[in-house]
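Biologist: Could you take me through the surroundings of the ligand in this model, and then show me how the rest of the chain is put together around that part? I'd be glad of one connected account.

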Amino acid sequence: MIPSILPTYSRAPLAFEAGEGAWLTATGGRRFLDFGAGIAVNALGHAHPVLVETLRRQAARPWHLSNLYEIPEQKALADRLVEETFADTVFFTNSGTEACELAVKMVRKHWSEKDPARTRILTFEGAFHGRSSAAIAAAGSEKMTKGFGPLLPGFTQLPFGDHEALRAAAAEADVGAIMVEPVQGEGGIRPLPDVCLKGLRDLCDDHGLLLVFDEVQCGMGRTGRLFAHDWAGVSPDIMMVAKGIGGGFPLGAVLATEAAAAAMTAGTHGSTYGGNPLGCAVGLAVLGIVAEPAFLEEVRRKAALLRQGLEGLVASHPDVFEEVRGAGLMLGLKCRVPNTEVVSAALDRDMLTVGAADNVVRLLPPLVLTDADIAEGLARLDRAAAAVSAKAA
Ligand SMILES: *Cc1c(COP(=O)(O)O)cnc(C)c1O
């Protein structure tokens, strides 16, 4: 019999009832060190006092108002995002997938008026943009699309790192945009080198294409800059944001330049819940903390500490791990054994990690984790690796 919850996830038999910072307490009292952060969502960890207080205060005010009216919390967050980024304008969503939907619609609308043949968007193998019909068509992997055809047309996936194929595809007359994650998350923590992000910007400029960055996972301070593309010193025309921006409250956004967004006039898009006061109040509180230069500096310092420890871990368990990859606190351990074994050995040692494609174990701790949390995480991973190694021998 089908379970009451549609079984699209294979879940660990664990439920959590309390959390603080990088720690979660399961029913029964076991304490887990959280290096998954709900897949890069709980940027400020669990029960951050500022976020708890913000939501509590906002909960006493109207929860929902509709975008038929002005929403001051939404305006404040949009203004702040515009101030902090390349963007001139923002649309709020409830998730990354919805941000992807709008990014795709915005590209198409832009070209519908300028050069209607340019309906195709170039994406990359291993990409992940969400689970809607547009998002799975954009990513194009067999795993996500099988059985869901006919797929939304207008996407071409290019091999990761094949510059020739990219240059040839970008020159075609029906291409309107390139969409890419500056650091692939689900694809196995694969950062695009800065020089490639610059190259993509140049290529888009040469052919007049829109550049769309999906920073749903790598954005909001995760790499030690507010957005991952800040490292490369280039900016997109359109950017998708979600996950960390709500610190655990469902919130997403599409940020865009005026030129890219100009065709999105009244009535061309909408969302009942997008930009609601609860989400925007929390988002503003998150941004107020994460955008602080001193906070980002701390993320970079802790990221360097964790990375150094992980390099040591890989060196001492060469039978289990192949390499460390990633940026900031978005790190991956490429495994020589099945990554699921490492995730499960870590779980047995009360530590949460997340698997990814390419046989990688993802480490996405809350950005507020402490030096002691890092030391503890490294110790638990070391014990997990030793257990995996002993089992394999
Ligand atoms: C998680 C993710 C999405 C989808 O976000 P949802 O909030 O799950 O809809 C899109 N793009 C990237 C890069 C992601 O990591």
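Modeller: Happy to! Helix α4, residues 96–114, gives the most to the shell around the ligand, with three residues. Please keep in mind that this is a predicted model. In total, 15 residues surround the ligand, and the closest are S95, G96, T97, V216 and Q217. Sorted by class, that shell holds seven polar residues, four nonpolar and four charged.

Now to the wider setting. The chain is divided into two domains: domain 1 takes in 16–47 together with 293–392, while domain 2 covers 50–290. Taken over C-alpha atoms, the centres of domain 1 and domain 2 are 27 Å apart. Where the two domains touch, 27 residues of domain 1 are in contact with 28 residues of domain 2. On the domain 1 side, the elements that give two or more residues are α1 (37–40), α11 (293–316) and the strands β13 (321–327), β14 (330–335) and β17 (360–363). Of these, α11 provides the largest share, five residues. By class, this side of domain 1 has 18 nonpolar residues, five polar and four charged.

Two helix pairs are worth a look as you turn the model. Start with α2 (residues 49–59) and α10 (residues 277–290), which pack at an angle of about 155 degrees with their axes 9 Å apart. The two helices are therefore roughly antiparallel to each other. In passing α10, α2 makes a right-handed crossing. From α2, the residues V50, L51, T54, L55 and Q58 take part, and they meet P277, L278, A281, V282, A285, V286 and I289 of α10. This contact is made of ten nonpolar residues and two polar ones, with no charged residue.

The other pair brings us back to α11, whose axis comes within 10 Å of that of α13 (residues 371–392), the two crossing at roughly 20 degrees. That angle makes α11 roughly parallel to α13. Here too the crossing is right-handed. On the α11 side you will find K302, L305, L306, G309 and L313, which meet D371, I374, L378, L381, D382 and A385 in α13. Seven residues of this contact are nonpolar, one is polar and three are charged.

Conventions. Residues numbered from 1 in each chain as written. Predicted model: local features only at pLDDT ≥ 70, side-chain atom pairs only at ≥ 80, totals over all residues. Domains from an automatic or database assignment. Contact = placed C-beta atoms within 7 Å. Helix = DSSP H or I, 4+ residues; strand = E, 2+ residues; numbered from the N terminus. Nonpolar A, V, L, I, M, F, W, Y, C, P; charged D, E, K, R; others polar. Near = placed C-beta within 6 Å. Axes fitted to C-alpha atoms, helices over the stretch in contact; angles between N-to-C directions. Parallel < 35°, antiparallel > 145°, perpendicular 65-115°, else oblique. Left-handed = near helix turned anticlockwise from the far one by under 90°.
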